[in-house]
Amino acid sequence: MEKSKVCVTKVVKQPDIESEMTVYQDLVIEDGHKSLLKGLGVEDFDIHFEPPERCVKCKSQEIAGLIVLGCLDGILFWICNACEHLHLKYSKMRTERLLKKGEGFWTNANDWKPRTEENTN
Ligand SMILES: [Zn+2]
């Protein structure tokens with residue numbers, strides 16, 4: 001049997017870190033920038049493979065993982081819940097490539113079911 005080519009992004013269960021999901025279309029990317037990351041307003045290209053303890057910008061400890069559906073099966077950025085500063089989890093080039101993957105991804109929020117015991121696994 002042929003495997004489905006459609007890749008469904010799952011919620012990654014990381015017990016210690018809260019994560020949020022978004023889709024490419026919901027990212028505010030300004031036009032006219034050389035790169036998607038610049039368009040997103042990312043100016044800090046330090047890589048944090050683990051969530052940073054504090055936001056590098058405002059020092060808040062409210063860091064969450066940001067999952068961009070269609071881009072990667074997992075957390076793509078660390079986002080500061082206080083100032084929304086994005087921290088890269090992967091290199092600039094890799095993040096840029098992954099973001100491009102999500103460009104055509106679309107989902108209807110109405111299709112989403114609330115999480116229950118049955119569909120969590
Ligand atoms: Zn911050």
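What order do the strands of the open sheet follow, and what is their pairing? The four strands run in the order 1-2-3-4, with mixed pairing; strands here are DSSP runs (E, at least two residues), as helices are (H or I, at least four), numbered from the N terminus, and two strands pair if DSSP finds at least two bridges between them. Strand 1 (19-23) and strand 4 are the edges, each with a single partner strand, so one side of each has no neighbour in the sheet.

A word on the source: this is a predicted model, where local features need pLDDT of at least 70, side-chain atom pairs count only at pLDDT 80 or more, and totals for chains, interfaces and linings use all residues. Residues are numbered from 1 along each chain as its sequence is written.

Back in the sheet, strand 1 and strand 2 pair in the parallel sense over five bridges, and Ser19 faces Gly65 of strand 2.

Next, let us visit Cys55, in the loop between helix 1 (36-39) and strand 2. Cys55 counts as buried because 21 C-beta neighbours lie inside 10 Å; the cut-offs are 20 or more other C-beta atoms within 10 Å for buried, 12 or fewer for exposed, and partly exposed in between, with C-beta atoms placed from the backbone. His85 is 30 residues from Cys55 in sequence, yet 7.3 Å away, C-alpha to C-alpha.

The table lists contacts (C-beta atoms, placed from the backbone, within 7 Å), leaving out residues up to four places away in sequence.

| Residue | Touches |
|---|---|
| Cys55 | Ser60, Ile63, Cys80, Ala82, Cys83, His85 |
| Ile79 | Glu20, Ala64, Leu66, Glu84, Leu86 |

Technical notes
Contact = placed C-beta atoms within 7 Å.
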